[in-house]
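Please look at the sequence and the structure first.

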Amino acid sequence: MSSNPKYKRVVLKLSGEALAGEAGFGINPSIIKNVAQQVKEVADLGVEAAVVVGGGNIWRGKIGEEMGMDRANADYMGMLATVMNSLALQDSLEQMGIETRVQSSIEMRQVAEPYIRRRAIRHLEKKRVVIFAAGTGNPYFSTDTTAALRAAEIEADVILMAKNNVDGVYSADPKVDNTATKYEELTYFDVIKDGLAVMDSTASSLCMDNDIPLIVFSITENGNIKRAVMGETIGTIVRGKNNA
């Protein structure tokens, strides 16, 4: 195994729920510090790291549906939740000495930079961790799609999808179906065709069209982000057309 990272520029996708821990809501201080420590391990390798974090630990669209809320309003609330998570992660990283920038797709100059592609790339070149907040800035798009879009825009080598409740992609929900089998490798075509719960179809199509590989793994095991960056076989890898 090479001592050099396999990937030079990565997008790490974190679910909001991953920051909540067993409580399922809010931000667990020990968990966000652990995530920040794992990101620091990658940054210390000289890898250019960007992060997209969800907001499900603060606001879920399902709550909006139950309230009879307009879908667009509910989605905008979700975007604001991702900003809160992004600022919390930024603070944890900077306490560890990692220079970090939050770029928001919704303008809020008092707390974050606006998302500007060239500026994001320049931050990465300067080895700053960039956290992309507020999704794509548009309702009806998930943070999975944000990760795919930003990865394409900044020409990332891979998307690292860190899960808190599963260690890869399975044929069915392993918590419900004892016969569920774990895949080591898939294509985006397989994911879309078989309706596998990896990411939504918009995100999967975007990754497939732009040949961006995806690694799905568990974040609960310390050091897994670094292992993925180094090219170790963990979780499940989903490949596009040309990155076989």
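## The cavity

The largest cavity is lined by Val10, Leu12, Val39, Val42, Ala49, Ala50, Val51, Leu160 and Ile225. This is a predicted model, in which local features need pLDDT of at least 70 and side-chain atom pairs count only at pLDDT 80 or more, while totals for chains, interfaces and linings use all residues. Residues are numbered from 1 along each chain as its sequence is written, and side-chain values use heavy atoms, with hydrogens and water left out.

On a 1 Å grid over the protein atoms alone, a cavity is a set of points where a 1.4 Å probe fits but cannot get out; a pocket is an open set with protein on both sides within 12 Å along at least five of seven lines; lining residues have an atom within 4 Å of a point. The whole structure holds 1 cavity of 30 Å³ or more. The volume of the largest cavity is about 40 Å³, a volume being the space filled by probe spheres set on the grid points, which are joined across faces, edges and corners.

Strand 1, helix 1 (29–43) and strand 2 (48–53) each give at least two residues to the lining of the largest cavity, and strand 2 has the largest share, with 3 residues. Helices (H or I, at least four residues) and strands (E, at least two) are DSSP runs, numbered from the N terminus. By class, the lining of the largest cavity has 9 nonpolar residues, no polar and no charged. Here Ala, Val, Leu, Ile, Met, Phe, Trp, Tyr, Cys and Pro count as nonpolar, Asp, Glu, Lys and Arg as charged, and the others, Gly among them, as polar.

## The largest pocket

The largest pocket has a volume of about 1300 Å³. Of its 49 lining residues, Lys13, Glu17, Ser142, Thr143 and Asp144 are the closest to its centre. The lining of the largest pocket comprises 19 nonpolar, 18 polar and 12 charged residues. Helix 3 supplies the largest share of this lining, 6 residues. Elements that each supply at least two residues include strand 1 (9–14), helix 3 (71–95) and strand 6 (158–163).

## Annotated residues

An unreviewed UniProt entry lists Lys13, Leu14, Ser15, Gly16, Gly56, Arg60, Asn164, Tyr170 and Asp173 under "binding site". They are spread over 161 residues of sequence and, in space, up to 24.1 Å between C-alpha atoms. The lining of the largest pocket includes Lys13, Leu14, Ser15, Gly16, Gly56, Arg60, Asn164, Tyr170 and Asp173. UniProt annotations may be inferred rather than shown by experiment; positions follow the numbering used here, and feature names are shortened.

Asn164 sits in the loop between strand 6 and strand 7. Asn164 counts as partly exposed because its relative accessibility is 29%, where buried means under 20% relative accessible area, exposed over 50% and partly exposed in between (1.4 Å probe, protein chains only). Not counting residues up to four places away in sequence, Asn164 touches Ser15, Glu17, Ala18, Ile219 and Thr220, contact meaning heavy atoms within 4.5 Å.

Tyr170 belongs to strand 7. Beyond residues up to four places away in sequence, Tyr170 touches Ala180, Thr181, Lys182, Tyr183 and Leu196.
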